[in-house]
Amino acid sequence: MKIPFVSFLPMEKELRNDIYDAFDRVFTRSWYIEGVEDEAFEQAFADYCGTEYCVGVGNGLDALMLALKALDIGEGDEVIVPSNTYIATALAVTYVGATPVFVEPDIRTYNINHSLIEAAITEKTKAIIPVHLYGQVCEMDSILEIARKHNLRVVEDCAQAHGATYKGQKVGTFGDVAGFSFYPGKNLGALGDAGAVVTNNKDIADKIRALGNYGSDYKYHHIYKGNNSRLDEMQAAFLNAKLPHLDKMNVERRRIASMYTSGINNPKIIKPYVLPDCIPVWHIYAIRCAERDALEKYLNEKGISTNKHYPIPIHLQKCYKDLNIPEGSLSIAEEISYTELSIPLYYGMTDEEVKYVIDAINMFKE
C-alpha cells in the first residue's frame with residue numbers, strides 16, 4: 001500500500017465546485033487586490049477566531065513580522081521564541097531588527113516550556129512569541145501571567161493551529177496579536193501563499209494594514225516605511241470556500257489522531273502528549289524514536305511517506321551562526337530534532353490506511 005504524507009485530493013474532490021465558483025467570482029469581477037473577497041474573509045475569520053479584527057497578508061512569516069513592527073519592536077530589542085519551531089518564527093524577529101532569544105520546549109508537548117521563560121527575560125526583552133506547534137496549544141495562562149508581570153507583549157504564532165482551543169478559547173485570542181499562515185498544507189490552506197493577523201486592538205489592526213500596503217493609510221499617503229504584503233482576492237475567495245468546512249475537517253483529523261494514539265503500542269515509540277485543557281487540531285502527528293532514521297527508512301520501504309519537523313534546530317542553522325549558540329546548548333530542541341518523525345495525517349485518509357500505518361509502526365523492531 002502507498003500512503004502519502006499528505007494528500008489534498010479527498011478535500012479538493014469534495015470542495016471542487018466551491019473552489020471553481022470562487023475562481024469564477026473573482027475572474028468575472030476582474031478585481032484582484034483589496035476587494036470584496038478579502039473583506040468577506042477577514043470578517044469571517046475574525047468571527048471564527050473570536051477576535052474583533054483580521055487583516056489579510058501575504059503569508060505567515062509576514063503576519064508575524066508585521067505584528068512585531070506594529071508593536072514597535074525593532075533594533076536592540078529581544079523577543080523570546082521557542083527553540084523548537086519552524087525558522088519563520090525567528091526570521092520574523094530578525095527582519096524587524098530584533099534578536100530572537102531561544103527558550104527550550106517541554107519535551108512532552110514540544111511547545112515552549114513556560115517555566116523557563118522568566119530566566120531568559122532581560123531589560124531588552126519586549127515580547128514573547130508562543131508557537132502552537134503541530135496544532136497543540138501552549139499553556140497560555142502561565143505565559144500571559146509572565147507577560148503581565150514583566151510588561152511584555154505576546155504575539156501568538158498560530159500557523160499550525162487553526163481552530164485549536166485552550167480551556168475552550170481559540171488560539172489567536174490570548175495575546176496582543178496573532179499570526180496565521182494559510183500555506184496550502186495547513187489545516188486551513190489557500191491554493192498558494194497567504195496569511196492573516198488577528199487582534200482585538202483596532203490601532204494594531206490599522207497599523208498592520210497600513211504596513212502591509214507600503215506603509216500607506218490611503219493612496220499615495222505613506223505614514224510608515226512599509227511592505228507589500230496583502231491577501232489577494234483569489235486566495236481570499238478560496239479561503240472563503242474552505243473556511244466553513246474547517247471544523248469538520250479538524251474533527252476528522254482528531255479522529256485519525258485518536259486512532260494513532262490508541263493503536264500505536266511499540267515501546268520504541270514516544271507518542272505526542274496532549275495537555276488536559278488543550279483540544280489540538282493535529283496539523284502534524286509527531287512521534288519520536290531514538291532510532292528515527294531507521295524507522296523512517298523502514299516506513300518508506302513499506303510505502304508510507306513521512307517527514308521530519310525539523311531535522312536541524314534553528315540555532316544550528318548556518319544563517320543563525322552569528323548568534324554563537326554552540327551545539328548542546330539547547331539540548332531539548334536538539335533531542336526533538338534528532339528523534340521526531342511525522343507520520344501521515346490528512347482529511348480523507350481512510351481507516352484502512354491509518355491501520356496500515358499503525359501496524360507497520362508496531363512491527364518496527366530495528
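**Exercise 1.** Determine whether E37 is buried or exposed, and identify its salt-bridge partner.

*Solution.* Step 1: E37 has a relative accessible area of 4% and is therefore buried (buried is under 20% relative accessible area, exposed over 50%, partly exposed in between; 1.4 Å probe, protein chains only). The model is predicted: local features need pLDDT of at least 70 and side-chain atom pairs pLDDT 80 or more, whereas totals for chains, interfaces and linings use all residues. Residues are numbered from 1 along each chain as its sequence is written, and side-chain values use heavy atoms, with hydrogens and water left out.

Step 1: The side chain of E37 forms a salt bridge with that of R25, at 2.6 Å from N to O; the term denotes a side-chain nitrogen of Lys or Arg within 4 Å of a carboxyl oxygen of Asp or Glu.

Step 2: This pair links distant parts of the chain, 12 residues apart, with E37 in helix α2 (residues 36-49) and R25 in helix α1 (residues 9-29). Helices (H or I, at least four residues) and strands (E, at least two) are DSSP runs, numbered from the N terminus.

Step 3: R25 is partly exposed at 33%. R25, R29 and E37 are linked in a network of salt bridges.

**Exercise 2.** Explain which parts of the chain are tied together by the salt bridge between K126 and D77.

*Solution.* Step 1: The two side chains, of K126 and D77, meet at 3.4 Å, N to O.

Step 1: K126 belongs to strand β4 (residues 125-128) and D77 to the loop between α3 (60-70) and β2 (78-82), so the bridge ties together parts 49 residues apart in sequence.

Step 2: K126 is partly exposed at 33% relative accessibility, while D77 is buried at 12%.

**Exercise 3.** Describe how the side chains of strand β14 are oriented and how β14 pairs with β13.

*Solution.* Step 1: In a regular strand, side chains alternate between the two faces of the sheet.

Step 1: In β14 (residues 340-343), E340 and S342 point one way and L341 and I343 the other way; all are buried.

Step 2: β14 pairs with β13 (residues 285-288) in the antiparallel sense over four bridges; pairing requires at least two DSSP bridges between the strands. I287 stands opposite L341 in β14.

**Exercise 4.** Locate G56 and list its contacts beyond four places in sequence.

*Solution.* Step 1: G56 is in strand β1 (residues 53-57), and G56 is buried at 9% relative accessibility.

Step 1: Leaving aside neighbours within four places in sequence, G56 contacts (heavy atoms within 4.5 Å) D38, E42, G195, A196, S229, R230 and L231.
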